[in-house]
Amino acid sequence: CEAGDIVARFAAPPTAVLSMASDLLAAARDITGKARVVVDCGAALLRLHVSCGSIAEITTVVEICRRMSSAVSAPLLLERLPIAHKTDVDVWSGPTLGLPLMRRLKEKFDPDGVLAPGRFVGGI
């Protein structure tokens, strides 16, 4: 992963995976010219790999990913992001089913909140 590389993972609805992959690839290539998409149709997952050359490109790609996630109700995880941005950006977004259950499990098994605090979805 280069200093300006981003990997965004989407859990897309099966009916939207291919069109979403095409739209994401086109948008990212318009911004940086250096992008590829890896699709796992069986798991309805897709990953967008983008090499960015500037902070503006990184910000724009992240915004596009968030908009796409919201538009098709696909949870998004920014798996790789330059460290300077990771501290300022919530790497999880989109619908989060089961968040109340996840919070209760975290409270039960890590009552003091010492295991990777804030690094999971919803700030868990």
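This report walks through the sheet, the helices, the core and a few single residues of a predicted model.

## Ground rules

Because the model is predicted, local features need pLDDT of at least 70 and side-chain atom pairs count only at pLDDT 80 or more, while totals for chains, interfaces and linings use all residues. Residues are numbered from 1 along each chain as its sequence is written, and side-chain values use heavy atoms, with hydrogens and water left out.

## The sheet

Let's start with the strands. Five of them make an open sheet in the order S2-S3-S1-S4-S5, with antiparallel pairing. Strand S2 (35-40) and strand S5 (92-93) sit at the edges with a single partner strand each, so one side of each has no neighbour in the sheet. Strands (E, at least two residues) and helices (H or I, at least four) are DSSP runs, numbered from the N terminus. Two strands pair if DSSP finds at least two bridges between them.

Take S1 (residues 5-11) and S3 (residues 45-51): they run antiparallel, joined by 7 bridges. In this pair, Ala 11 stands opposite Leu 45 in S3.

## Helices on the sheet

Helix H1 (residues 17-31) packs on the sheet and touches S1, S2 and S3. Its direction makes about 165° with that of S2. Helix H2 lies across S1, S3, S4 and S5, at about 0° to S1. Touching, or contact, means heavy atoms within 4.5 Å. The angles run from 0 to 180 degrees between N-to-C directions, using lines fitted to C-alpha atoms, for helices over the stretch in contact.

## The core

What has the most contacts inside the largest nonpolar core? Among the residues that do are Ile 6, Phe 10 and Leu 24, and the core has 32 residues. S1, H1, S3, H2 and S4 each give two or more residues to this core. Such a core is a set of buried Ala, Val, Leu, Ile, Met, Phe, Trp, Tyr and Cys residues joined through side-chain atoms within 4.5 Å. Buried means under 20% relative accessible area, exposed over 50%, and partly exposed in between (1.4 Å probe, protein chains only).

Leaving out residues up to four places away in sequence, Leu 24 touches Phe 10, Leu 46, Leu 48, Ile 64 and Met 68.

Most residues other than glycine have a negative phi. Ser 73, though, has a phi near 55°, and this residue lies in the loop between helix H2 (55-71) and strand S4 (76-80).

Ala 116 also has a positive phi, about 45°. Ala 116 is in the segment after helix H4 (99-109), and at 43% relative accessibility it counts as partly exposed.
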